[in-house]
Amino acid sequence: MNTLCVSGGAVLGPDHEVERADVLVDRDEGTILEVGEGLNADAAETLDASGCVVIPGLVNAHTHVAMTLVRGYADDKPLDAWLREDIWPVEGAFEPADVEAGAELGVLEMIKSGTTAFADMYFHVDRIADVVERTGLRARLGHGVVTVGKDEAEARADLEESVEIAREFDGAGGGRIRSMVAPHSLTTVSEEYLREAFSAAREIGVPVHLHANETTDEVEPILEDWGMRPLEYARKLGLSAEDFLAHGVHVDDREIELLAESGTGVIHCPASNMKLASGMAPVEKLLEAGVTVGLGTDGAASNNDLDMFGEMRDAAMIGKLAADDASAVPADTVVRMATAEGADAVGLPGGRIQPGAAADLAVVDFEAPHLTPRHDVVSHLAYAARGSDVRHTVCDGTVLMRDRDVQVLDQAAVRERASRRAGEAIARAHE
Ligand SMILES: N[C@@H](CCSC[C@H]1O[C@@H](n2cnc3c(=O)[nH]cnc32)[C@H](O)[C@@H]1O)C(=O)O
Ligand SMILES: [Zn+2]
């Protein structure tokens with residue numbers, strides 16, 4: 001059999017037990033065959049994991065990967081002004097090749113920091129899909145729809161593009177790519193088009209993904225226009241178990257109950273919420289209610305990186321502050337949010353190291369001063385490790401990074417192209 005063996009390390013199991021073990025992978029099927037000692041006898045390929053801990057590849061459950069191009073371009077502003085004054089004008093000047101260059105840069109950064117799957121809402125999605133296809137990651141992709149401020153024809157065309165993209169790309173890249181219909185938010189898409197987005201998604205059999213309750217500015221207008229909370233409104237329009245929303249910062253108790261009832265996932269984006277001062281999501285309450293909570297970096301311009309280790313740490317920290325309780329959102333919980341829970345929320349395989357599961361792995365080098373002594377591996381993963389501690393990255397049974405050498409992209413070329421294209425797009429936006 002065509003196998004890969006990740007050998008000589010410790011493994012973080014599905015119940016977060018840490019044991020000395022090898023991981024044997026079927027490279028053709030992209031699945032884990034066995035976890036145990038002494039498995040590397042006749043593997044076709046091996047990865048040395050001595051001194052390392054093998055963890056499930058991390059799941060970045062909400063991002064806009066091509067926004068790496070605007071990283072550091074406009075900081076220190078609230079969401080609405082930041083989007084309208086800075087980000088949207090530059091995005092308006094993006095050509096398809098810019099989105100491709102930004103996606104390559106983002107994917108490079110994700111592979112280098114142990115992320116193997118992501119959910120992405122953007123435009124020129126065909127270019128993002130192409131990057132995912134050739135680099136070997138796993139993704140759920142959708143075209144973001146905005147209808148406010150557009151005439152009837154433009155609004156319809158944007159929605160139709162999202163539906164078309166969802167139809168075309170679900171199952172692409174040998175099944176590594178899944179799709180979604182992605183209305184931008186409950187306030188930037190009108191009711192009529194939101195309804196259509198939900199019914200089209202149900203017909204295709206894919207989730208709806210949208211930003212919701214990110215700032216109070218997204219709550220007040222819905223209360224005024226519809227006399228109900230945003231998630232009550234979303235539920236009336238069709239929000240269901242397969243769907244997942246980003247942020248969920250300003251949700252009240254009734255909305256939390258509603259999410260638990262509907263089974264809708266929430267993607268917590270702590271760094272973005274802090275940086276844009278959007279607020280503190282009630283993560284502990286959501287978890288207590290039984291809501292599936294994943295973790296996302298959001299775009300690189302509101303973070304400003306795509307490192308899911310940083311996101312775990314931020315989630316634990318802000319979760320404690322929000323609950324006014326140091327025992328809230330503990331290490332074990334944020335590691336779960338960045339792996340199994342995130343995978344479940346976005347409906348992608350992965351997130352667990354066990355036979356039959358997707359072979360999506362990050363091998364973290366623990367032989368570092370900041371990871372010493374090793375009292376508690378899960379604590380280190382949540383609080384002390386960084387993306388740069390990842391030594392090897394494997395997705396779908398394929399080695400994407402070996403000994404920090406990314407096998408699927410030319411790092412220098414990706415950086416050079418992204419820098420040049422970002423500069424040119426910003427110059428065009430100012431013309
Ligand atoms: N088709 C739309 C684009 C929507 S893509 C998704 C959008 O989400 C934006 N975005 C990034 N971060 C956030 C956030 O935190 N909240 C809301 N929107 C965001 C991002 O800039 C991107 O334009 C159009 O033509 O305008
Ligand atoms: Zn976002």
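1. The site of the zinc ion (ligand 2) is irregular, with angles of 87 to 167° among its 4 donor atoms.

2. This is a predicted model, in which local features need pLDDT of at least 70 and side-chain atom pairs count only at pLDDT 80 or more, while totals for chains, interfaces and linings use all residues. Residues are numbered from 1 along each chain as its sequence is written, chains are lettered from A and ligands numbered from 1 in the order in which they are written, and side-chain values use heavy atoms, with hydrogens and water left out.

3. On confidence, the protein averages a pLDDT (the predictor's confidence in each residue, from 0 to 100) of 98, and 100% of the residues score at least 70. For the complex the predictor gives an ipTM of 0.96 and a pTM of 0.98.

4. The zinc ion (ligand 2) is coordinated at 2.1 to 2.2 Å by His62 (NE2), His64 (NE2), His211 (NE2) and Asp298 (OD). Donors are N, O and S atoms within 2.8 Å of the metal (3.2 Å for Na, K and Ca); water is not among the atoms, so sites may look incomplete. The spacing of the donor residues in sequence is H-x1-H-x146-H-x86-D. His64 lies in the loop between strand E8 (58-63) and helix H1 (79-92) and His211 in strand E13 (residues 209-212), so this pair ties together parts that are 147 residues apart in sequence. Helices (H or I, at least four residues) and strands (E, at least two) are DSSP runs, numbered from the N terminus.

5. His64 is buried, at a relative accessible area of 7%, and His211 is buried at 4%. Buried means under 20% relative accessible area, exposed over 50%, partly exposed in between (1.4 Å probe, protein chains only).

6. Lys77 is also found in the loop between E8 and H1, and counts as partly exposed at 24% relative accessibility. Leaving aside neighbours within four places in sequence, Lys77 is in contact (heavy atoms within 4.5 Å) with Trp82, Glu85, Asp86 and Leu276. The Lys77 side chain makes polar contacts with the side chains of Glu85, at 2.6 Å, and Asp86, at 2.9 Å. A polar contact is a pair of N or O atoms within 3.5 Å; within protein, one must be able to donate a hydrogen and the other to accept it, and residues adjacent in sequence count only if both atoms are side-chain atoms.

Technical notes
Four donors count as tetrahedral if all angles lie between 85 and 135 degrees; four count as square planar and six as octahedral if opposite donors are over 155 degrees apart and all others between 65 and 115; anything else is irregular.
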